[in-house]
Structures are given as C-alpha cells and as structure tokens.
Amino acid sequence: MDLKENLVSRHLVFNEKNAKNKFVNELRHEAIEIFDKAGFPSKKNEEWKYTNLAPILKKDFKLFPETEEISIGYQDVKKYFIHDMDTYKIVFLNGVYSSYLSETTHEEADICVLSSAMNKMMHQPVIENYYGKIADKTESMVSLNTAFFKDGAFIYVPDNVILSKPIQIVFLSTYHESEVMYHPRNLIVIGNNAQAQIIERHQTLNGKSNLTNSVTEVQVGKNAELDYYKVQNDASEASLIDSTFVAQERDSRAQFSTFSFGGNLTRNNLNFIQNGENCNSILNGITVIGGSQHVDHHTKVEHKFPHCESHELYKGIYDENSHGVFNGKVFVHPEAQKLNAFQQNNNVLLTDKAEIDTKPQLEIFADDVKCSHGCTVGQLDDSALFYMQQRGIPKKEAKALLLYAFAADVLEHVEIPQMKQRITKIIAQKLGVNIDFDL
C-alpha cells in the first residue's frame with residue numbers, strides 16, 4: 001500500500017480519535033475526499049514542475065506516532081528560540097502542545113492552542129468564521145493537512161489591541177523510532193486596528209527524515225498591522241511544505257519575511273488576497289543553501305480593490321549542487337485601479353552545478369496601475385572581490401561581505417532587532433565566516 005492509500009484508508013479511525021466538533025469533522029471528511037481524488041502533487045502539475053516530492057514520499061513515515069516519554073528542558077532547545085527578548089511562546093513537541101516550554105495568555109489576547117480553542121464555546125465564532133475559509137481547500141497538500149491536523153497555534157488579537165511583545169510558534173520533533181509525517185495547523189486572526197509580531201520555526205532534533213506539511217490561515221483586520229517571520233534552518237534530513245494564506249481587510253499592512261537556510265526540501269506557498277482598499281502586502285525572502293538542498297518559493301498576491309500596494313523582494317544564494325525555485329504571481333482584477341505592485345527576484349550562483357528556476361509573473365486586467373517585475377541570475381563580481389583583496393581583506397571574508405551586502409536590503413525590513421541579529425548570524429554561519437556584520 002502506497003502512502004496516499006495508507007492515509008485515505010486510515011482517515012476514519014484517525015478522525016474518530018481526534019474529533020473536535022461537528023463543524024471541524026465535516027471539513028475533515030470533505031478534505032479527505034479532495035485529497036483522495038487529487039493525490040500528492042507531481043511534476044506533471046505546472047505548479048510543481050521543478051519540485052519533485054516522489055523521493056520523499058517513498059519513505060516509511062510513521063503517520064500517527066504514540067506519545068513518547070520526553071525528557072527535554074528549555075536549555076536543550078533554547079538556541080532554537082529568539083531567547084534574548086521577552087515573548088509569548090507556543091511550543092509543540094512531536095505535534096503535541098508542550099505546556100512547560102510555552103508561555104501563553106488569555107489576557108491582552110488569546111494566544112493558545114487550536115485544538116483547545118475548538119472545544120471552547122467562546123472561540124466558536126472565530127473558528128467558524130475563519131478556519132478552513134482562508135486556505136485554498138482545493139490544493140491537495142492543504143486538504144491533506146485539514147484531514148489530519150492534530151494541533152497548532154491559535155492566536156486571536158481583539159480589536160484595538162497592540163500586543164506588548166512578539167509571539168514565537170515553535171514546532172520541535174524529537175521522535176526517535178522512525179520518520180514522522182506532521183500536519184500542524186495555525187489559525188491567526190488580527191482584529192481591527194490591532195498589531196502583532198509573530199516568529200515561526202520548525203526544528204527536527206533527532207536526525208530523522210521527517211516531513212512536515214504545515215498550513216497557516218491569517219486574517220488581518222481593518223487598519224491592522226502584522227509582521228510575520230518564518231525561520232527555516234532545519235536539519236539537513238528534514239523536509240517542509242509550508243502553505244500560508246493571508247486575507248487582508250482595508251487599510252491593513254501585512255509583512256511576511258521567509259528565511260530559508262536549512263532542510264532537505266522546502267516548499268513555501270505564500271498567498272495574499274486583498275479584500276479592501278489601501279491594503280499593503282510585503283513579501284520578503286532570503287535563501288542561502290548548499291549541498292543538495294532544494295528550496296521552492298511560490299507566491300501569489302491577488303489585488304481585488306483600488307489604491308493598494310504589494311512589494312515583493314526575494315534574494316537567493318546557491319552553493320554546490322543546491323537548487324532554487326521562485327514562482328511569483330501578481331494578479332490584478334479589473335476593479336483594482338490605481339495600485340502599485342513591485343516584484344523582484346535576484347539570485348547568485350556560486351558554482352556551475354547550482355541551479356535556479358525563476359518565473360516572476362504579472363496578470364493585469366486593470367489599465368490605471370503601476371506594476372513591475374524582474375529577475376536576475378549571476379555570479380559574484382570578480383572585480384569587486386579583487387578590489388577588496390587588494391585592500392587586505394582575505395578572499396573568504398571578502399566573498400562573505402559581498403554576499404551579505406547582496407542580501408542586506410531584505411534585512412532592512414526586519415523590525416525586531418534581536419530577530420535581525422539572529423538572521424545575520426545564521427547567514428554568517430552559512431557563508432562559513434565569523435564576521436559581525438554591521439547591522
């Protein structure tokens with residue numbers, strides 16, 4: 001029995017054990033039917049043309065592992081948090097909420113666990129208004145997540161609340177018996193005139209070839225602001241398919257920054273839909289990979305109303321046999337007049353074997369707009385490298401400084417100083433130098 005057949009055949013038993021409420025159960029049944037018809041995406045699908053899941057799906061994944069006895073303390077995992085600042089924390093060990101590693105609240109906002117929220121009457125209006133409504137349920141990996149999710153973060157920031165500190169959502173895998181397939185699900189609702197900052201990370205600690213199929217639904221209210229940071233620096237064996245869907249109301253600003261440094265295969269699906277005037281969507285990304293790593297960024301911004309903006313900037317540095325993919329779409333509806341949409345993807349290949357497949361796209365059905373897109377693929381400037389060496393900078397450090405400068409304009413959008421410092425250190429490590437870059 002292959003993986004798809006195994007999942008479909010075991011769904012009924014799984015759902016009976018993890019039933020939340022009638023609304024969620026109906027979504028689960030609908031989702032498994034969609035997945036049964038569609039199956040896993042293959043390279044025959046245009047959207048997956050350059051990303052092949054087949055080698056990963058051949059593994060004998062543990063689908064629903066029993067809870068292990070876990071002896072792990074904060075000091076053991078401290079380095080995976082932004083630990084030099086005060087934050088709320090929602091932490092999951094092997095897909096299960098870890099109360100002793102977490103710091104949640106119901107005071108200024110509801111920052112807790114999705115499975116718990118689904119069982120509380122006070123959260124039902126939010127669950128029924130937004131859960132399963134923002135994500136594209138026709139996508140097979142989204143439907144698979146809907147069918148099999150067990151837990152994830154639930155964040156509800158009421159109207160007019162500016163959170164006093166950022167939120168960290170951290171998924172840790174320590175399961176030792178075999179490779180595991182995880183399906184975390186996050187639901188985030190930012191109320192009108194509210195503001196929040198969120199950091200998300202998935203980390204494998206056991207050296208296993210786990211596959212995480214994550215889905216996050218985000219609702220950003222009127223005149224609200226959200227800054228979201230995804231740190232992807234997992235173990236070289238682990239793979240991640242991350243699908244994030246963002247719905248914005250009028251006058252809102254949503255910024256998502258994706259930092260992809262580690263893992264075997266990483267696929268990021270980031271989708272924005274603007275549901276009102278004067279929305280601003282900002283998408284940033286830095287990818288620094290080597291070996292045989294593969295990172296695929298698929299983005300989509302859908303402009304439906306006038307006087308909106310979107311700004312998209314992705315930078316990639318590819319070494320050794322690594323492979324990058326960028327496919328960015330900006331879709332402008334006829335009603336979306338007087339908007340400004342910018343999209344750019346710049347890449348540096350450090351070897352002849354590194355690859356990048358890049359395709360920025362614009363589909364414009366309005367006539368009074370300002371839209372631009374572009375991409376570049378190149379190598380380091382030898383003359384600049386020579387110039388720096390002539391002034392006493394060793395070649396390795398000179399190369400690292402040039403590459404950091406190449407990526408630095410993306411880092412300018414990071415609004416949490418401790419976050420910016422952490423990403424800068426990771427970039428230095430990936431470039432193989434011990435340099436304190438000027439922040």
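**Cavities, helices and a sheet**

Q: How much space lies in the second largest cavity?
A: About 60 Å³ of space lies in the second largest cavity. A cavity is a set of points, on a 1 Å grid over the protein atoms alone, where a 1.4 Å probe fits but cannot get out. The volume is the space filled by probe spheres set on the points, which are joined across faces, edges and corners.

Q: What kind of model is this?
A: This is a predicted model, in which local features need pLDDT of at least 70 and side-chain atom pairs count only at pLDDT 80 or more, while totals for chains, interfaces and linings use all residues. Residues are numbered from 1 along each chain as its sequence is written, and side-chain values use heavy atoms, with hydrogens and water left out.

Q: Which residues line that second largest cavity?
A: Its lining includes His202, Val231, Gln232, Asp234 and Leu240; lining residues have an atom within 4 Å of a point. By class, there are three nonpolar, six polar and one charged residues. Ala, Val, Leu, Ile, Met, Phe, Trp, Tyr, Cys and Pro count as nonpolar, Asp, Glu, Lys and Arg as charged, and the others, Gly among them, as polar.

Q: And how much space lies in the largest cavity?
A: The largest cavity holds about 70 Å³ of space. Helix α2 (22-38) gives the most to its lining, with four residues. Helices (H or I, at least four residues) and strands (E, at least two) are DSSP runs, numbered from the N terminus.

Q: Changing topic, at what angle do α1 and α7 pack?
A: Helix α1 (residues 3-17) and helix α7 (residues 140-148) pack at about 30°, with axes 10 Å apart. Axes are lines fitted to C-alpha atoms, for helices over the stretch in contact, and angles run from 0 to 180 degrees between N-to-C directions. The two helices are therefore roughly parallel, a label for angles under 35 degrees. Leu7, His11 and Phe14 of α1 meet Leu144, Ala147 and Phe148 of α7; contact means heavy atoms within 4.5 Å.

Q: How many strands form the open sheet?
A: The open sheet has 10 strands with mixed pairing; two strands pair if DSSP finds at least two bridges between them.

Q: How many bridges join β16 to β18?
A: There are 10 bridges between β16 (residues 309-318) and β18 (residues 340-349), which run parallel.

Terms used. Parallel < 35°, antiparallel > 145°, perpendicular 65-115°, else oblique. 1 Å grid on protein atoms, 1.4 Å probe; cavity = no way out; pocket = protein on both sides within 12 Å on 5 of 7 lines; lining within 4 Å.
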